[in-house]
Amino acid sequence: MSIEATPRTHALGHRMKRKEDPRFLQGKGNYVDDISLPGMLHAALVRSPYPHATIKNIDISEAMKIPGVKAVITGKDLEAAGLGWLPTFHGLDKQMVLAIGKVLFQYQEVAAVFAETRAAAADGAEAVQVDYEPLPVVADPFTAKKDEILLRPDREQKTNHIYHWEVGDRAGAERALERSAKRIRQRIWFQRCHPAPLEPCGCVAQFDTMGRLQFYVTSQAPHVYRTALTIVTGIPEDRIHVISPDIGGGFGNKVPVYSGYVCAVVGALKLGRPVKWIETRTENLTSTGFARDYHMDIELGAEADGRLTALRVSTVADHGAFDAAADPTKYPAGMFGIVTGSYDVPVAHAEVDAYFTNKAPGGIAYRCSFRVTEASYAIERAMDILADELGIDAVELRRKNFIRKDQFPYPSRLGFTYDSGDYQKTLELALQTIGYDDLLTEQREKRARGELMGIGFSTFTEVVGAGPSKHFDILGIKMFDSAEIRIHPTGSGIVRAGTKSQGQGHETTWAQIVAEELGLDPQNIMVEEGDTDTAPYGLGTYASRSTPVAGAAIATAARRVREKARKIAAHLLEVGEADVEWKDYKFQVKGVPAKSVTMKEVAFAAYTNPGPNEPGLEGTNYYDPPNMTFPNGTYIAVVDVDRETGEVKVRRFLAVDDCGTVINPMIVEGQIHGGLTEGFAIAFMQEIQYDRDGNNLNTNFTDYLLPTSLETPHWETANTVTPSPHHPLGAKAVGESPNVGSPAAFVNAVIDALSPLGVRHIDMPITRDKVWRAIQSAQSATV
Ligand code: CDP
C-alpha cells in the first residue's frame, strides 16, 4: 500500500491501530446474541415452503402442546392489533409482518412461536400446521410485466409494475445514437446477490418495569428504527430505547426492519417477558434484503475516433414480493443516474422499471450507494465492448472520454454535480504501478501461443454521502447526520455519533478526527454509537455515508469546541480572543509562540477556571451536506483462463483509489481488501438463484459461496488524493468503492482473455462452467 503514514500522532493520515480490535480479537465483542436477560423467551418463525399460495388455515394446536411453547401468533392476530403491515423504508409500499391470506415468496414469515428455549421454539414452529393452496408463480420480472398473474391485489394499482423512473434527454440520446459512427448495445444482468454478513440479524425486546421498550438489535440505523417502531406500534418514541451493540457486518442487509423484530416486540408485550429472536443463516439468505437484480440494456454511441456521443440505458428491476428497496424516497432507483460514470457523455438517458415477483423482497444498498454498483458495472462493461468494436485500446477509449480535471465541479447529464476528481492521474499511476506496457507484451506473446490472458479495467466514479436534505430523506426524515463531543477536565473526551459501525473502525477514525481538530490523544477519545438514549439523532451507517456526513459533523462539532476553548485560552493567556491563534495543535498568542496553552490545559480550566466564559467544553453539530462526494478509482485485473477447463486465475489485481483526504490509511486499506474480496465473490461465485417455480436454490453456504483465503487473490493497492472541496476535511467515502468498482474489472479481464475467440459478454457469476461453455461454443462456431 502506498498511502503514506504521517508521523504526527494526532493527525489525520496516521496508521493508528484500530482501538476496537483488542476487544474483538479477544472474543470480548458484545453482539445481540450475547445478550441474555432474566426470564427471556425465544422466538422462531414459521416460513412458507411455497413461493405463492393461499393460506387456507393455520392450526397451532400441536405447536402449543410442545413443552416450553408459550404462544403462537399469526398474521391475523397482528392485523387485529393493527400491526399487520410495515411501511417499507421509502414509504412507497407496505409489507406483511406475517402473511395474511396468502404468501408471496418462499420462506415468507407466516407465524411466530415463543418458547422457553430456542430449541422448543424451533420445534413449535415445525409443529404449526399451515394448509396452503399453491398459486401460479411469477419467477422473473419479464413474466411479471405481462400482468397475467397479479401478485399484489392489496394495492390500488392492479399491476405488477411498481414504478417507472427516468432521467436525462430521451429524444436527444436517441438522435445522437442514430447519428453515431459506432453504436453498441448490450443486455447486462447484475445478478441477484446477497450481502451475507457473518452475523445474521437478530434482536432482544423487553419492556422494563416502567413499561419502556428496550430493544437490542442488529441495526445499521438505530434512530430510524426507533422512529419506525413508533410509527408501526404507536409506542411513543420517548418510551423506546434502541441499542445496537457490536455488529458483525451489515453491508446494507441490516438497514430494513424485519418481521422477526416486530414479532419479538409483540411477544414481549403479550407475554410480559423479554424475547430474543436470532435468525439462522438460511433465514438470512432467503428472506432478508438481497441486492442488485437489475437487467440493463445499455447503448453507447461514439465517433469513429472513439469520442462518446450518447448513452442510453433501460433497466428492468426485480424487486420481489414487496417494494422494500432501501432507497431514499425521491430516488426509487437510487443513484442509478451515476451511469455516465467517469466520462463526459454529451447526452444521456436512463430509465428503470421495477416489478413485483414471487421472490424475497429487498434491493438494498449492498456496500454501495443505492444502485451505484449496477450503474458502474454497466458503463464499465459497455466501455470495453465499445473499445473492442472500435478496435481501440480500452485504456485509450477511457482517456479520450474522461471528465477532465479542469471540468470540476462537473454537472453530469443525469443530474449530479461531481465535486472533484483527477481521473487521468489515478489511471496513469495505476498503469505505471502494474507495468501495463510489460503486461501488453506478455499478452501478445501468450496470444501467439494460443494462451488466454486478459487485462481488465474499471475506471469508476461513485456518488456517495446521502445526503443533502433538499433531496434525500427516508420515511420523510432528512438525511443529515450528527455528532456530540464532550471534553473532560483532564483532556480525554467522548464523541457520540448517529452512525453505527459494523466493522468499519469508527471507534478509531472518529477519535482521530477529534484528535486532529483539538490536538488531543485519540487513544483517550471514546467513541459511542448505536444507543438512541445517548447519541444525537442520525440516519446511520450504510451507503458509505458515514465519513462524508457524520465525519463532517464530527469535524464541525470539534471546531465548535475549539471556538469555545479559544475564549478560555484567551482568559488563561491574558489576551483578547482576537490575539489567540490555533497553531501546531495548541493556542498561541499571535506572534509569540512561547506564550501558549494546550487543549488539555484549556480543558482543565474549562472546569476549574473558565474566567468570564461558560464553564464546560462541549460541542454538537447536525451536518446537512451541501453535496454528495464522488470517490473514484482505477482498478486493473490480470487473469489467465485455462482453455481446457474454463478455470479463471486472477493473477494480479491493483486498486488505485481516490477517496480525498485519508483519515486512517490502514483502515482504508482494510476496507479496500474486504470490498475487493466481496467483489471477487460476486464476479465469480455468488448468485441467489430461483428456479422456474420460485424455489430459492442458495439457502446456505454450501450453495451460496463465500471466498476463503484459498480462492481470494492477493490485492495490490495505491491511492491518489483529490480532496472534496465541500467536506470540512476534504474526505470522501471509501468503504464501498472496491465492491462498486471491482466486478467490472474482473469481468472485463475475463472477456479480454476470451476476446480472440469472439466472446463479447458473459453475465456474472463467471463460473468455470460458463467460461468453458463460452469457449466451446466460440470454438465450434469457428470450425
Ligand atoms: O459509512 P461507512 O463507515 O461504511 O463508510 P466510509 O465512510 O467509507 O468509512 C469506512 C471507514 O474508512 C471509516 O472508518 C472511515 O473513517 C475510513 N475512511 C478514512 O479513513 N478515510 C476516508 N477518506 C474515508 C473513509
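## The ligand shell and its surroundings

Sorted by class, the shell around the ligand holds 10 nonpolar, 12 polar and 2 charged residues. Keep in mind that this is a predicted model. In total, 24 residues surround the ligand, and the closest are Gln504, Ser546, Thr547, Thr661 and Val734.

Histidine 506 puts a polar side-chain atom 2.8 Å from an oxygen atom of the ligand. Arginine 545 takes part through its backbone: an N or O atom there sits 3.3 Å from a ligand oxygen. Threonine 661 also uses a polar backbone atom, this time 2.7 Å from a nitrogen atom of the ligand. How much of the ligand's accessible area does the protein cover? On its own the ligand has 520 Å² of accessible area, and the protein covers 98% of that.

Which elements give two or more residues to the shell? They are helix H14 (506-518), helix H15 (546-573) and helix H17 (665-684). Looking at domains, the shell takes at least three residues from domain 1 (21-29 + 481-623), and at least three from domain 3 (290-466 + 627-782) as well.

Zooming out, the protein has 19 helices and 32 strands. With a radius of gyration of 27 Å, close to the 28 Å that the globule rule gives for 783 residues, the protein is as compact as a globular protein of that length. If you're setting up a box around the chain, the C-alpha atoms fill roughly 90 × 75 × 50 Å along the principal axes. As for burial, 64% of the 783 residues count as buried.

Next, some backbone geometry worth a look. Two peptide bonds are cis here: one joins alanine 466 and glycine 467, with omega about -25°, and another runs from methionine 764 to proline 765, with omega near -5°. Glycine 467 is in the loop between E20 and strand E21 (473-474). Proline 765 also sits in a loop, between helix H18 (737-754) and helix H19 (768-782).

Then there are the positive phi angles. Arginine 367 is not a glycine, yet its phi is positive at about 45°. You'll find arginine 367 in the loop between strand E17 (348-355) and helix H10 (372-390). Is arginine 367 buried or exposed? Its relative accessibility is 11%, so arginine 367 counts as buried, the cut-off being under 20%. Alanine 543 isn't a glycine either, and its phi is positive at about 55°. The loop that holds alanine 543 runs between strand E25 (525-529) and H15. At 5% relative accessibility, alanine 543 counts as buried too.

Glycine 450 belongs to the loop between helix H13 (436-448) and strand E20 (452-461). Leucine 439 is in helix H13, where its 5% relative accessibility makes it buried. Threonine 309, in strand E16 (residues 308-318), is buried as well, with a relative accessible area of 11%.

| Pair | Apart in sequence | C-alpha to C-alpha |
|---|---|---|
| Glycine 450 and alanine 228 | 222 residues | 60 Å |
| Leucine 439 and aspartate 353 | 86 residues | 41 Å |
| Threonine 309 and valine 137 | 172 residues | 42 Å |

Terms used: Residues numbered from 1 in each chain as written. Predicted model: local features only at pLDDT ≥ 70, side-chain atom pairs only at ≥ 80, totals over all residues. Heavy atoms only, no water. Near = heavy atom within 4 Å. Polar contact = N/O pair within 3.5 Å; in protein donor to acceptor, adjacent residues only side chain to side chain. Areas by Shrake-Rupley, 256 points an atom, 1.4 Å probe, with all protein chains shown as cover. Helix = DSSP H or I, 4+ residues; strand = E, 2+ residues; numbered from the N terminus. Nonpolar A, V, L, I, M, F, W, Y, C, P; charged D, E, K, R; others polar. Domains from an automatic or database assignment. Rg over C-alpha atoms; globule rule 2.2 N^0.38 Å. Buried < 20%, exposed > 50% of the residue type's maximum accessible area, 1.4 Å probe, protein only.
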